[in-house]
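Subject: Structure for your review

Dear colleague,

Please find below the structure that I am handing over to you.

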Number of protein chains: 4
Amino acid sequence: MFFASDNTGPAHPKVMEALTRANDGYAMPYGADAIMDEVRARIRDTFEAPDAAVYLVATGTAANSISLATLSQPWDTIFCATQAHIQEDECNAPEFYTGGAKLTLVPSDHAKITPAALRRAIEAEESRGVHGPQRGPVSITNVTERGTVYSVAELTALCDLAKSFNLPTHLDGARFANALVALGCSPAEMTWKAGIDAVSFGGTKNGCMGVEAVIFFDPKHAWEFELRRKRGAHLFSKHRFLSAQMLAYLTDDLWLDLARRANAANARLVRGLKQIEGVTFLHEPEANMSFAGWTRAGHQRLHDAGAAYYIWEGTLDGADPDELLTARMVADWSMSEENIDRFVDLVRG
Amino acid sequence: MFFASDNTGPAHPKVMEALTRANDGYAMPYGADAIMDEVRARIRDTFEAPDAAVYLVATGTAANSISLATLSQPWDTIFCATQAHIQEDECNAPEFYTGGAKLTLVPSDHAKITPAALRRAIEAEESRGVHGPQRGPVSITNVTERGTVYSVAELTALCDLAKSFNLPTHLDGARFANALVALGCSPAEMTWKAGIDAVSFGGTKNGCMGVEAVIFFDPKHAWEFELRRKRGAHLFSKHRFLSAQMLAYLTDDLWLDLARRANAANARLVRGLKQIEGVTFLHEPEANMSFAGWTRAGHQRLHDAGAAYYIWEGTLDGADPDELLTARMVADWSMSEENIDRFVDLVRG
Amino acid sequence: MFFASDNTGPAHPKVMEALTRANDGYAMPYGADAIMDEVRARIRDTFEAPDAAVYLVATGTAANSISLATLSQPWDTIFCATQAHIQEDECNAPEFYTGGAKLTLVPSDHAKITPAALRRAIEAEESRGVHGPQRGPVSITNVTERGTVYSVAELTALCDLAKSFNLPTHLDGARFANALVALGCSPAEMTWKAGIDAVSFGGTKNGCMGVEAVIFFDPKHAWEFELRRKRGAHLFSKHRFLSAQMLAYLTDDLWLDLARRANAANARLVRGLKQIEGVTFLHEPEANMSFAGWTRAGHQRLHDAGAAYYIWEGTLDGADPDELLTARMVADWSMSEENIDRFVDLVRG
Amino acid sequence: MFFASDNTGPAHPKVMEALTRANDGYAMPYGADAIMDEVRARIRDTFEAPDAAVYLVATGTAANSISLATLSQPWDTIFCATQAHIQEDECNAPEFYTGGAKLTLVPSDHAKITPAALRRAIEAEESRGVHGPQRGPVSITNVTERGTVYSVAELTALCDLAKSFNLPTHLDGARFANALVALGCSPAEMTWKAGIDAVSFGGTKNGCMGVEAVIFFDPKHAWEFELRRKRGAHLFSKHRFLSAQMLAYLTDDLWLDLARRANAANARLVRGLKQIEGVTFLHEPEANMSFAGWTRAGHQRLHDAGAAYYIWEGTLDGADPDELLTARMVADWSMSEENIDRFVDLVRG
């Protein structure tokens, strides 16, 4: 019953097999491996973006920070949701990689930035000339950090707004596949057709061992990204092992298949929990993450049974067993129906 | 005939098997995995350093840059050999991670810093108070970038000198195992007993897929390193896959066995080349790397046969087939005797 | 009728005379001038802080950024009011000098942080270990950016709270003297006795040409500040000209006299405006800055007469002469009663 | 007898008078003062560069660091002489402002980079792709840090070389005027006609209180420089006091007059010393700085008489009064003939 995060589960066997296959003889280092050629072609094809610049790194924070640094100047401010991973969970990596850019936190609705709030935030940086931070990229996270999903129309509206101020746009797609299958659209529709300039395309949370792609739809950013990646110590010598993961991930729709499994697992969990009286959801779950509250007594039963997840507010210790505490639960592709049902049963008590 | 670098060869099968074993069920992320506990204990035991702080990252540049940043202030200068990897091959990553520290290049003898040169370099930074850079860490590379190896006495002399100026010391051990087996000493003797404070302990070039340990013998550096690693985007969520590589590497002396194979391969290559008239060595090879010169015609024969290595100076194209060009050759653990002998034969012509 | 800022007025003649006196013969550079010895002694005496480290720089942004950098780590977040100068008017200088620290904007009441809001902001950074930014210094501005003044009790409450989390405290005192005379307390009471660790002590806005002192009550910060100042290019070779300004400023209570004049000028302005029907104040002015609204027609009359001040929201151009627009007005020591009265008359129409 | 540096002398009275004149009433802050308009026009005229972007800062380190940062990327290396001020005397400010660029030290002849050495240094950074630092600007100092002066032909040769590699060029002109009058050329000939892109044009060492101009001959750098200056906390609110100094400096050829005086003072010193047997010069003095050696006994006599200058190597204390110690002597515009002659007499003994 591991719902702590989709980064606690295993890699898919096909990914592991691909690593073993890649481990044959010699290969050119630093991204010059032949597998990377296939990855690049595959991603360009998948995104209908024949000119895109495509790179691999091993962590989501690297993908976000280095791509945002490529789109920013150190005196800029990056617009993002209050709950964004780049704000809350990267220990100032964006500030480090950009050389000191600021983050402007845009109020959101269930972690989704609204165009009105974004407009206010952008306009608020308008009038100070050299004194204030300059307007920089808009970073959007889909799936959001609260498990909600921007529709294509919503993404488009935000990107249109950014473009009207001539600002570049970045998509934090640590859970790109989960959003995509929830939306049922194409990768192009969820990105460049909506106005996205750069994507952190996650693999790690969805069945890989540790690989994320960075995609720039305009290749003018390519060389700067390569330098920033190397300078950040994120260029792998034995790069073929990043390439192999990503190629397996993109082969035979494995990435979509795994995301569907994770989303389905979450949906089963949500259905079960919703049938329990008194369980309340903070946000409507739309992908593979849920936030719901139930009694401390229910949490205690789960704890005693070894279930793993985050108690989002409050702690397990407390006097009142009826007090409601919120749980964050994330389902990965490998979650079994038995474990989900058992989890629900324990909440029910 | 791949002598381009020890990062072009495959990972050892035992490392790959360990990855597969580690890929079972759920594991705590971000270094809280159980395998990391074993790694930490194993490294402490191997280095006879029960209090050491031990961390894993995926690239040698990350290991060097983040450990040096932890030992430095942004207004310091780091003393290193002119040929150091941190100077020549990391695209300013040390400057980036330290927040703008300088590197002072110390003249060397076959890439080995001499105590006299180090003393001159340190003393030259003495008299400018707040105006000049401040004296920072001394970084020593063993195996050096030219294939030579510092003896324990030589390391001790440099560290003693650093300590006499109250400067911390760092060992770039991207090829730690190759140096160790060449010296026949213990890991403790090559590090803290000689006066080293922090080590980049390489795995990638010696049979792993992509893992390096950073070891601080004084654990006071631990928390700062953890923050710097996360801020640099080098903390892996699925950390168990770093741990598993390192544990396999340290199990049953695999790391020493692989280094012996690589050094032996290089020795065979050197023996063969030395028997060829006109082949001259720039440095006396002491581990798994060699620099030797022979005719352009010989290089052409190798090229035509598909051999891979760096021509260190000059290019293959040229009018004079008798002109001498230098090759850099690095042997990894997987190099076959047949390939070595064939390479030598092609040089001989 | 120059109310644009207290940085648009002249330096006081005594400051200019001091510069001329200082310009006699040779003087040791870089802060080793004899006048600086007097400044240091005077500030230590004024603040009843015999061990304080005292430095001079030429801009308020330098004072703030370098002192905050000295109190921070790059992975920290600095707590400040939403309206703080370090957030709004320094073009990411704090992020630059700290090496990428973040600013956490604390909601405020008329630009004054409340202890409850500060506690919430600090506690919100509590639970993410290495993932989130670490808690850094609390920076308080007095006079605030909206012309209000923290009482000693309010400063003490914020500092007590910071100390309870073991966080250092910084006072942005660009208008230190204006706050001090408004409060009628001693410099020590407004700073270290209330729990402040470091002060940006402004001179520029209150009759100097360009000088700010930085005061650390704990001298352990001294050497790091000196290095950061030099590295930031803020150590003046002909430092005596900074020293001379500051010494004149502190002599015969000139600094207090000028602040009293500025505050009195603002009070006269406020009294006049309050007698005009329809003029409304956004904040209760407590020092030398006011924010008040009146009709566009009134602004037009001022504009035509050459008055200088910021229209805080909206613009002069518009259809409706009765629409209310807010003005920001700052009075400096040199503001004449005639100009104030004429300004008020023009608002009245 | 103050020969310690040209930053220890007084400002010229005309500069002080200009400050007093500028201190009249209100002025727009942050470079929007009317005097700055005059400065800009005067510098453009002086340099025959009607499109040049012109800015003022208060320290030479700021002028160098911010202009170099504007010409560089963080992954670049800046080529400069081993003795350059940016290398030896700025406490890593260039690394700080560039965000971690490296400095490549080019061997020099009496502190003058030779084209051959520059070519070797540039070519040595050629072959490592993303791995090594990228080639960045060439920074040339005239007057050099050893008192020698590049001819226009020498400057042109270095700039031609830089241009052939498509690298921008920067002139550290902390002693610009001293070089110019030594060369007898025009400001345009010493800069953009020779191929210089950006100039740090010093005023502080030559009779100002603290002001340096930064000149970009291509105005495309203007906005970035403005942002970098503000972010570095080097944009003065009461900017008119920088403007006033620079305007006085440029009026009626004051800057040239003062430089001629300083150079003449140095020439008189050199003539005097050369007549003393045993006094030897390290470099041929060409402007206002000299390096010469004489006996420890001679130094002792000067010390006892209160003379101020740097003993460049060794210390005054020592057993052998006949041992030669080198002095660095810098003459400023205010140096009297009496003091020079007395200094020479004391060396003679």
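How much area do chain B and chain A bury between them? In this predicted model, the two chains bury about 4100 Å², with 62% of it on carbon and sulfur atoms. Of the area that chain B buries against chain A, 21% comes from Y26(B), F96(B) and K238(B), more than from any other three residues.

The contact draws 47 residues from chain B and 47 residues from chain A. Polar contacts link 28 residue pairs across the interface, counting pairs with both residues at pLDDT 80 or more, whereas the number of salt bridges between the chains is zero. Several helices of chain B give two or more residues to the side that touches chain A, among them α1 (13–22), α3 (60–71) and α11 (240–250). By class, that side of chain B holds 24 nonpolar, 15 polar and eight charged residues.

How are the two chains related? Chain B is superposed on chain A by a rotation of 180° with 0.0 Å of shift along its axis, at an RMSD of 0.0 Å. This is the relation of a two-fold axis. Within chain B, the C-alpha nearest the axis belongs to G232(B), at 3.5 Å. Because 100% of the interface residues of chain B are also interface residues in chain A, the copies meet through the same surface.

Lastly, an unreviewed UniProt entry lists residues 3–290 of chain A as "domain: Aromatic amino acid beta-eliminating lyase/threonine aldolase". Over those residues, the chain is 42% helix and 16% strand, and the end C-alpha atoms lie 10 Å apart.

Yours sincerely

Methods. Residues numbered from 1 in each chain as written. Chains lettered and ligands numbered in written order. Predicted model: local features only at pLDDT ≥ 70, side-chain atom pairs only at ≥ 80, totals over all residues. Heavy atoms only, no water. Contact = heavy atoms within 4.5 Å. Buried area = accessible area lost by both parts, 1.4 Å probe. Salt bridge = Lys/Arg side-chain N within 4 Å of Asp/Glu carboxyl O. Polar contact = N/O pair within 3.5 Å; in protein donor to acceptor, adjacent residues only side chain to side chain. Helix = DSSP H or I, 4+ residues; strand = E, 2+ residues; numbered from the N terminus. Nonpolar A, V, L, I, M, F, W, Y, C, P; charged D, E, K, R; others polar. UniProt positions renumbered as here; feature names shortened; annotations may be inferred. Least-squares fit on C-alpha atoms with pLDDT ≥ 70 in both.
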